[in-house]
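Here's a quick briefing to read alongside the model. Have the sequence and the 3D view open, and we'll go through it topic by topic.

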Amino acid sequence: MALGVGPGDEVVTVPFTFIATVEAIALTGATPVFADICEESFVMDVNKLEAVITPKTKAIIPVHLYGQCADMESVLKIAKRHNISVIEDACQAIGTEYTFSDGTVKQAGTMGDIGCLSFFPSKNLGCYGDGGALMTQNDELAERLRAICRHGSKQRYHHDMIGLNSRLDTLQAAILNVKLNHLDEYIAARQKTATFYHQALCDVDWIELPSSAPHSSHTYHQFTVKVKNGKRDALKQFLSDHEIPSMVYYPVPAHLQPAYRHLSNKEGDFPISERSCREVLSLPMHTELSEEQLQYICQTIKNFPL
């Protein structure tokens with residue numbers, strides 16, 4: 001809304017993401033357009049991005065999924081070439097660092113025109129309810145964003161634009177102010193857990209462990225593996241039977257959701273996203289996991305009867 005996106009415009013994103021990414025586009029009246037993801041990193045395949053850009057394209061939303069950045073250097077170059085905006089969905093990647101080819105390092109959410117963060121309780125920086133933030137380095141854009149979040153108002157009861165009630169609750173902000181001081185500790189704990197998983201499961205040949213892109217650190221909002229040979233759902237049930245929770249993020253790609261059927265995408269259009277939906281499984285990942293628990297999880301996976 002702050003960038004003027006609306007009916008008749010197109011916004012490019014990925015089909016392998018939580019539906020909120022696509023929802024934000026559709027609610028402006030614009031049309032979501034999809035580019036498939038990379039096989040290894042689950043983020044936007046920049047080699048497929050330019051082919052879907054048209055004169056109607058107003059913005060690109062790369063998604064920094066599971067705690068890893070999309071290839072922002074390439075995204076920004078393409079956006080500049082076509083004079084379109086970039087909105088980073090960094091909801092799963094607070095604290096993730098991206099390294100440009102010249103050695104410059106920037107944080108997820110600070111590279112595009114707008115960066116979007118989520119403070120949902122399960123996130124690396126989570127509050128005790130719903131919450132989020134928008135980031136920009138453009139003062140004029142920041143002023144519009146603040147106004148839109150307050151019913152389009154810069155002065156109380158004077159409404160300059162159509163807006164929303166999207167303010168962060170004060171209680172949640174107070175909690176986040178305390179937890180923000182510990183974000184680096186939370187990230188380090190997640191990375192330590194990820195290292196344990198990598199070392200313990202590296203010899204399980206029917207599981208593909210997550211890999212880190214060379215340009216991005218990984219803050220492991222999720223530790224997501226791919227389960228081969230059609231065994232994902234059976235493994236999920238096996239873990240559940242042994243009181244180990246796991247989740248599928250996400251079982252259905254956005255382009256095959258009933259709400260977006262009108263976009264005329266069909267099965268087979270985005271094969272990497274579709275295959276990922278059939279194979280991905282996120283293992284327990286949070287800051288309080290003990291080594292004993294991790295050993296139990298990994299040994300249970302190894303005991304899974306193929």
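Let's start at His151, which sits in the loop between helix H3 (139–149) and strand E9 (153–155); helices (H or I, at least four residues) and strands (E, at least two) are DSSP runs, numbered from the N terminus. A word on the source: this is a predicted model, where local features need pLDDT of at least 70, side-chain atom pairs count only at pLDDT 80 or more, and totals for chains, interfaces and linings use all residues. Residues are numbered from 1 along each chain as its sequence is written, and side-chain values use heavy atoms, with hydrogens and water left out.

- His151 has a positive phi, near 60 degrees, and is not a glycine.
- With 37% relative accessibility, His151 counts as partly exposed; on this scale buried means under 20% relative accessible area, exposed over 50%, and partly exposed in between (1.4 Å probe, protein chains only).
- Tyr157, in the loop between E9 and strand E10 (158–159), is another non-glycine with a positive phi, about 70 degrees.
- Tyr157 is exposed, its relative accessible area being 65%.
- Further on, Leu164 belongs to the loop between E10 and helix H4 (170–179), and at 42% relative accessibility it is partly exposed.
- Which residues does Leu164 touch, not counting residues up to four places away in sequence? They are Met1, Ile148, Cys149, Arg150, His151 and Gly152, where contact means heavy atoms within 4.5 Å.
- Leu164 and Arg150 are 14 residues apart along the chain, and 6.1 Å separates their C-alpha atoms.

- Five of the five residues of strand E4 (residues 85–89) are buried, so the strand is largely enclosed by the rest of the structure.
- Both faces of E4 are covered, with Ser85, Ile87 and Asp89 buried on one side and Val86 and Glu88 buried on the other.
- E4 pairs in the parallel sense with strand E3 (residues 57–60) over two bridges; two strands pair if DSSP finds at least two bridges between them.
- In that pairing, Ile60 is the residue opposite Val86 in E4.
- E4 also runs parallel to strand E7 (residues 114–118), with three bridges joining them, and here Glu88 stands opposite Gly115 in E7.
- E3, helix H2 (residues 72–82) and E4 build a right-handed β-α-β unit; right-handed means that, with the strands pointing away from the viewer, the path from the first strand over the helix to the second runs clockwise.
- On H2, the buried residues include Met72, Glu73, Val75, Ile78 and Ala79.
- The buried residues of H2 pack against E3, E4 and strand E5 (97–99).

**H5 against H8**

- The axes of helix H5 (residues 183–201) and helix H8 (residues 291–302) come within 10 Å and cross at roughly 35 degrees; axes are lines fitted to C-alpha atoms, for helices over the stretch in contact, and angles run from 0 to 180 degrees between N-to-C directions.
- The H5–H8 crossing is right-handed, a label that applies if the near helix is turned clockwise from the far one by less than a right angle.
- From H5, Thr193, Phe196, Tyr197, Ala200 and Leu201 meet Glu291, Leu294, Gln295, Ile297, Cys298, Ile301 and Lys302 in H8.
- The residues of this H5–H8 contact divide into eight nonpolar, two polar and two charged; Ala, Val, Leu, Ile, Met, Phe, Trp, Tyr, Cys and Pro count as nonpolar, Asp, Glu, Lys and Arg as charged, and the others, Gly among them, as polar.
- Is Thr193 buried or exposed? Thr193 is buried, at 5% relative accessibility.
- Leaving out residues up to four places away in sequence, Thr193 touches Met285, His286, Leu289 and Leu294.

**The E11-E12-E13 sheet**

- Three strands form an open antiparallel sheet in the order E11-E12-E13.
- Its edge strands, each pairing on one side only, are strand E11 (207–208) and strand E13 (280–283).
- Two bridges join E11 to strand E12 (residues 223–227), and Ile207 stands opposite Val227 in E12.
- Helix H7 (residues 271–279) lies across E12 and E13, at about 50 degrees to E13.

**A cis peptide**

- The Tyr249 to Tyr250 peptide bond is cis, with omega near 20 degrees.
- Tyr250 is in the loop between helix H6 (232–241) and H7.
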